[in-house]
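Hello,

Here is the structure I said I would pass on. My notes follow below it.

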Amino acid sequence: MSTYIIQGGKKLEGEVSISGSKNAALPIIAASILNAGKTTLYNLPDIHDTQMMFEILKSIGGKVTKKHNKVIIDTSKVNKYEIKEELMRQMRSSVIFAGSLLGKHHQCTFCYPGGCDIGTRPIDLHLKAFEKIGINISQNYGNISCSCDKITGEKIDFEFPSVGATENAILATCLAEGKTVITNAAREPEIIDLQNFLNKMGANIKGAGSNKIEVIGVKNLKDVSYNIMPDRIETGTFLCMAAMTNSNITIKKANPLHITPVIDKLEETGCTLKIEKDNIEILAPKKLKAVDIKTMPYPGFPTDLQSIFATMLTTAKGTSVIIENIFENRYRYTQELIRMGAKITIEGKTAVIKGTKKLYPANVKATDLRGGASMVIAALSTKGTTKVDNIEYILRGYENFDKKIQQLGGKIEIQK
Ligand code: EPZ
């Protein structure tokens, strides 16, 4: 595993451009199976997770060609419907292939994604939705085989607004016979991006972004080109990086409307934000004020920014209370922050953070994707040299992370 060596303690300055959204790109790459033709994607982030998705596509007969600023996917020759276990285990969110393989080819075999760094990651809601629309599911030794003669539109009501299960339900019913109505659907912006992409392909979907989505099945879908939306979690990551390092930077190519709860909370800590179309300028105060956050499904405060925001609060003035309502194990990063001098106590879903004057350099490690980004932010705000190990977690979801930080004047180097 590689390491970041970070010389922290100095302000950042200048501008940084946000990449395409990882969590919009992954379902859209899977959705390219539905037209059994050509899909051209722009603004796709070049990160480990998208590379993994291409590996899986190629393993089932897909072709992927990377050109300068675009990726061309050809799924006309997809002729295998099993996702290999070793690929599945490397990326749990590859379960998103199930919906499009079933939607197009009426068959798919995959293994249980298994737990990961932030929780057990069950897929019961995905499987219940599949059964509702007529898919037969058999399981043995952790393998799940799904098949059907046809898919009929149905009413699907989710007991929890799961992002992945909502996306899989949409993908599986685009080519179904009849109409599907999904209620208590997840409302994340990435689902709106998926709807826009699929409708451009010729699908007939409406309601994404609300808790009720209607999918009217169509006969077939055509070749398409599409521009992926900006990554709202990367945007929040750089905003919190600026806030914790007492910096004044401008973030370009963002969509501020996707992160209003984060912007509100940053203003509560004393940051000044100036928003102009897709640019956000942030000016951090000398000392941040403590705030409380509670993660919720969209449009609430995003769980993906919980660790990043909490890290920023470790040197705020006062005590902050964090409640993580989405994943059951998303506080592992706090052990690493405590090694840097943070004062954090965890009680179930709640983390209490007592603001300290400053953190101290240390040898720490990334515990997961967002926890890793949090450690980088903590290191940049701390005078001295901090090593962050296991940075492969970070490379999964942040494109050119070190280069972007260097562009802002941050001292960060990769040690292989
Ligand atoms: C998506 O994961 C994102 N990943 C996650 O981002 C994000 O944290 C999450 O949505 C919540 O916003 C991608 O989009 C690739 P869920 P997903 O299904 O779809 C439980 C990141 O850092 N659940 O909404 O897996 C589940 O255990 C990643 O970029 C079930 O119980 O999230 C969790 O507690 C991390 N049964 C909660 O719902 C199911 O069948 C939310 O999961 C499915 C989910």
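This is a predicted model: local features need pLDDT of at least 70, side-chain atom pairs count only at pLDDT 80 or more; totals for chains, interfaces and linings use all residues.

**Backbone and surface notes**

Pro 299 sits in the loop between strand 17 (293-294) and helix 10 (306-313).

Now the overall picture. The protein chain holds 14 helices and 23 strands. Its C-alpha atoms fill a box of roughly 65 × 45 × 40 Å along the principal axes. The radius of gyration is 21 Å; a compact globule of 416 residues would have one near 22 Å, so the two agree. Of the 416 residues, 57% count as buried.

- Ala 36 has a phi of about 40°. This residue lies in the loop between helix 1 (22-31) and strand 3 (38-42). Ala 36 counts as partly exposed because its relative accessibility is 28%, between the cut-offs of 20% and 50%.
- Tyr 141 has a phi near 45°. Its loop runs between strand 7 (136-140) and strand 8 (143-147). Relative accessibility is 83%, so Tyr 141 counts as exposed.

Last, the charges. A patch of positive charge on the surface gathers Lys 11, Lys 286, Lys 287, Lys 317, Lys 357, Lys 358 and Lys 383. Where is Lys 357 placed? It is in the loop between strand 20 (350-354) and strand 21 (363-365). Lys 357 is exposed, at a relative accessible area of 73%.

Best wishes

Technical notes:
Residues are numbered from 1 along each chain as its sequence is written. Side-chain values use heavy atoms; hydrogens and water are left out. Patches are made of residues with over 30% relative accessible area and no salt bridge: like charges are joined within 9 Å, nonpolar side chains (Val, Leu, Ile, Met, Phe, Trp, Tyr) within 5 Å. Accessible areas come from the Shrake-Rupley method with a 1.4 Å probe; for residues, only the protein chains shown count as cover. A salt bridge is a side-chain nitrogen of Lys or Arg within 4 Å of a carboxyl oxygen of Asp or Glu. Lys and Arg count as positive and Asp and Glu as negative; His and the chain ends are not counted. The place of a charge is taken as NZ of Lys, CZ of Arg, CG of Asp or CD of Glu. Helices (H or I, at least four residues) and strands (E, at least two) are DSSP runs, numbered from the N terminus. Buried means under 20% relative accessible area, exposed over 50%, partly exposed in between (1.4 Å probe, protein chains only). The radius of gyration is taken over C-alpha atoms; the globule rule is 2.2 Å times the number of residues to the power 0.38.
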